[in-house]
Structures are given as structure tokens and as C-alpha cells.
Amino acid sequence: MTNRTFTIIKPNAVGQQHTGEILTIIEKAGFRILALKMVCLSRSDVEKFYHIHKERPFFRTLSLFMTAGPIVVAVLEKENAVADFRALIGATDPVKAAEHTIRKYFAESKTRNAIHASDSDENAAWEASFFFSDKEIIETRYQLPIPAEEIDKD
Ligand code: CMP
């Protein structure tokens, strides 16, 4: 059965123009993009989105970093999406990230770690709803209503 996860391509990766490359890695790994947009977070957005980390010592730098530039947020679908996507991005600390993971390629530190992934189905649903309405998460698949030769004949 397919399920969904949620991701953020973080300000350092977007600012360094790695968005396309990261989306290519994600699609090539078999994830289908159901929703996608670029946004900027306010300090208050960061406090809400990362509320579980609010009392942690790293929250101040996390907040300064996440408001430092645009981010790209997306909802992704695949079988075993949450666990497979966490494997694809690698460990929070890039020093510990496995070879060929997104963080191994693009993360610069524990804070400037290029990408976020949900850690459970429940959090994926909540995080997706933080950025997208139900109507913005598109399940519809590409399917021509008439044969391809007819589409191409004019
Ligand atoms: P993310 O997956 O977005 O979830 C919380 C973020 O806090 C994490 O990635 C890191 O970027 C950031 N962070 C900074 N320092 C730490 C730390 N010591 N432990 C965990 N997360 C940290």
C-alpha cells in the first residue's frame, strides 16, 4: 500500500540552486510528487512547525536558519514512504549520513542539513496540512483521454 510523507528542501539547498537536483533524486527513487511549492517562513511559522523542538538548545539557530531564505515544501507518495524517504535523505548530522544520501551530497552541518523528512505517518499528515490544503494535494494521475496518436495528429 502506498502512503505519504512530507519534505522541506531547506534554505541552504534552495539558495545554492540544488532544488532541481534534489527533486530529480526524489523522483528517481520512485516518489510521486503530490504537492509542491516555494515559501518563506516567519519566526512564528518555525515556532509552530518545530514546536516539539522549541525548548531544545539548538532551536534558536534552527529558527534563524529556517527563516534565512525560501524553502521548497512537498508532499510525496510511495510504498513505505516515511521510512524509505528517511533512508534516502540520511542522518541529521551529515558527518553520519550514509554515502549517496541527499544529506551526504548537500548538507553542510546539523542545522544547515539541506532537507527535512517526516518521522511518522501521523506527523507526515500534520506537516503536509501545515503547508497545503486538501485541494492542493493532487492524487490525479496523467492519463490521456484519447489515444496519443490522436493528440499528436494536428
Ligand atoms: P529536521 O529533520 O528538520 O528536524 C529538526 C531539525 O533541527 C533537524 O532537522 C536539524 O536541522 C536541526 N538540528 C540542529 N541541531 C540539532 C541537534 N543537535 N539534534 C537534532 N536536530 C538538530
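In which helix does arginine 103 lie? Select arginine 103 and you will find yourself in helix H6; helices here are DSSP runs of H or I with at least four residues, strands are E runs of at least two, and both are numbered from the N terminus.

Before going on, note that this is a predicted model, where local features need pLDDT of at least 70, side-chain atom pairs count only at pLDDT 80 or more, and totals for chains, interfaces and linings use all residues. Residues are numbered from 1 along each chain as its sequence is written, and side-chain values use heavy atoms, with hydrogens and water left out.

Stay on arginine 103: this residue is buried, at 7% relative accessible area (buried is under 20%, exposed over 50%, partly exposed in between, with a 1.4 Å probe and protein chains only). Beyond four places in sequence, its contacts (heavy atoms within 4.5 Å) include Ile89, Pro94, Asn113 and Ile115. Show asparagine 113 next: its backbone oxygen is 3.4 Å from a polar atom of the arginine 103 side chain.

Now move to isoleucine 115, whose contacts outside its four-place neighbourhood include Ile9, Ile22, Phe85, Ile102 and Arg103. Ile115 is also among the residues touching the most other members of the largest nonpolar core, which has 20 residues. Such a core is a set of buried Ala, Val, Leu, Ile, Met, Phe, Trp, Tyr and Cys residues joined through side-chain atoms within 4.5 Å. Colour helix H5 (81-89), one of the elements supplying at least two core residues; H5 gives the largest share, four.

Last stop: select Phe6, Ala35, Leu41 and Leu62, which belong to a second, separate core of 19 residues.

Methods: A polar contact is a pair of N or O atoms within 3.5 Å; within protein, one must be able to donate a hydrogen and the other to accept it, and residues adjacent in sequence count only if both atoms are side-chain atoms.
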